[in-house]
Amino acid sequence: MAAVRRWTEGMSSDNVKGLVLALSSSLFIGASFIVKKKGLKKAGSSGTRAGVGGYSYLFEPLWWIGMITMVVGEIANFAAYAFAPAILVTPLGALSIIISAFLAHIILQERLHTFGILGCALCVVGSTTIVLHAPPERQIESVTEVWNLATEPGFLFYSALVLTVVFILIFRFVPQYGQTHIMVYIAVCSLVGSISVMSVKALGIALKLTFSGMNQLIYPQTWAFTLVVVTCVLTQINYLNKALDTFNTAVVSPIYYVMFTSLTILASVIMFKDWDRQTPTQIVTEMCGFVTILSGTFLLHKTKDMVDGPSLTSMSIRALKHDEEDGFDEGTPLKCQDSSRIP
């Protein structure tokens with residue numbers, strides 16, 4: 001306990017609050033996947049499965065408990081951005097994968113491969129490295145300050161570049177390559193997502209200041225950020241659903257996590273100038289921690305359907321069972337017949 005106290009004393013109070021909220025978010029979101037899957041299985045045993053177009057799960061209380069748990073996790077994640085820099089909050093989303101894998105091993109009796117355990121360990125090590133070297137949150141007294149940061153030349157150039165690339169992808173590449181190239185949909189989601197996180201952070205700061213007695217709802221900038229959040233989130237949901245409906249979820253999830261997190265960190269560094277408050281050693285250490293998390297996430301997804309030392313027959317049976325449950329077409333590994341789940 002003394003070591004934990006010394007460690008937290010080295011962090012700003014806002015960073016500690018953001019860290020607690022981000023960890024809580026990962027816990028709730030990771031658990032929600034398991035509860036929802038239990039609900040889907042229970043509903044599928046007495047009705048039409050979701051994987052083949054059924055909606056019987058809407059009448060299953062367990063599925064709704066999972067949905068409520070996920071909403072609570074997303075609210076905690078939203079609040080975390082109001083207290084801590086995105087470079088701290090966003091990478092910690094990988095912990096929800098660990099929690100989900102751990103609970104699936106215990107509750108759903110899904111075997112976790114040795115390399116999967118190694119992946120979990122790498123995510124923990126990487127997350128710890130980032131937490132220990134994260135920059136302090138920038139002290140902001142008004143939403144107009146955030147607006148000034150968002151309208152500086154550097155971030156305006158980044159936003160203009162993102163919008164240009166997104167429009168080119170949507171109108172030029174999506175119609176022609178969307179169904180065959182996985183990077184098209186994911187690139188749209190990730191690019192728009194980096195802007196949405198900056199707006200979510202701005203909105204979170206505005207609400208935090210409002211609740212502390214400094215009303216920010218009177219400023220038009222608050223509502224401008226709200227409009228950007230709504231527009232970006234709807235765009236993300238639309239193209240993420242297209243990606244999940246077209247390609248294998250096991251492939252979409254890690255690629256989306258890598259691109260989304262990388263671009264979000266880049267946007268945060270440009271807009272909030274996170275690295276201006278850090279030494280080169282801290283920056284390099286953070287990047288090493290991020291790469292460690294990416295490695296762990298890759299291992300978890302790559303080995304999620306593997307078991308230690310199975311025979312060829314048992315592997316084939318397990319793969320067939322997985323395909324039947326999720327509706328994936330084994331003949332085209334990247335493509336899937338149907339998917340209604342969001343990672």
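1. The secondary structure of this predicted model comes to 13 helices and zero strands, and the pattern along the sequence reads α-α-α-α-α-α-α-α-α-α-α-α-α. Helices (H or I, at least four residues) and strands (E, at least two) are DSSP runs, numbered from the N terminus. Residues are numbered from 1 along each chain as its sequence is written. Because the model is predicted, local features need pLDDT of at least 70 and side-chain atom pairs count only at pLDDT 80 or more, while totals for chains, interfaces and linings use all residues; side-chain values use heavy atoms, with hydrogens and water left out.

2. The protein has 343 residues, of which 45% count as buried, where buried means under 20% relative accessible area, exposed means over 50%, and partly exposed lies in between (1.4 Å probe, protein chains only). Its accessible surface comes to about 17000 Å², and carbon and sulfur atoms account for 70% of that surface; such areas come from the Shrake-Rupley method with a 1.4 Å probe, and for residues only the protein chains shown count as cover.

3. Contact means heavy atoms within 4.5 Å.

4. Two packed helices are described by the angle between their axes and the distance between the axes. Helix H6 (residues 114-133) packs with helix H12 (residues 280-302) at an angle of about 160°, and their axes are 7 Å apart; axes are lines fitted to C-alpha atoms, for helices over the stretch in contact, and angles run from 0 to 180 degrees between N-to-C directions. H6 and H12 are therefore roughly antiparallel to each other, given that angles under 35 degrees count as roughly parallel, over 145 as roughly antiparallel, 65 to 115 as roughly perpendicular and the rest as oblique. The crossing of H6 and H12 is left-handed, a term used if the near helix is turned anticlockwise from the far one by less than a right angle, with right-handed used if clockwise. By class, the contact of H6 with H12 has eleven nonpolar, 13 polar and one charged residues; here Ala, Val, Leu, Ile, Met, Phe, Trp, Tyr, Cys and Pro count as nonpolar, Asp, Glu, Lys and Arg as charged, and the others, Gly among them, as polar.

5. For helix H7 (residues 143-150) and helix H10 (residues 220-246), the packing angle is about 55° and the axes are 9 Å apart, which makes H7 oblique to H10. H7 passes H10 in a left-handed crossing. On the H7 side, Val143, Thr144, Val146, Trp147 and Ala150 meet Gln221, Thr222, Ala224 and Phe225 of H10, and by class this contact has six nonpolar, three polar and no charged residues.

6. Leucine 240 and valine 188 are 52 residues apart in sequence, and their C-alpha atoms are 8.6 Å apart in space.

7. Two serines deserve a reader's attention. Serine 32, found in helix H2, is buried with a relative accessible area of 0%, and, leaving aside its neighbours within four places in sequence, serine 32 is in contact with Gly66, Thr69 and Met70. Serine 194 has its place in helix H9 (residues 182-211) and is buried, with a relative accessible area of 0%. Not counting residues up to four places away in sequence, serine 194 touches Tyr158, Phe260, Leu263, Thr264 and Ala267.

8. The last point concerns two loop residues. Glutamate 60 lies in the loop between helix H2 (13-46) and helix H3 (61-83) and is buried, with a relative accessible area of 10%. Leaving aside its neighbours within four places in sequence, glutamate 60 is in contact with Gly39, Lys42 and Ala43, and the C-alpha atoms of glutamate 60 and lysine 38, 22 residues apart in sequence, are 9.9 Å apart in space. Lysine 273 is found in the loop between helix H11 (249-272) and H12, counts as partly exposed at 23% relative accessibility, and has a phi near 55°, a positive value in a residue other than glycine.
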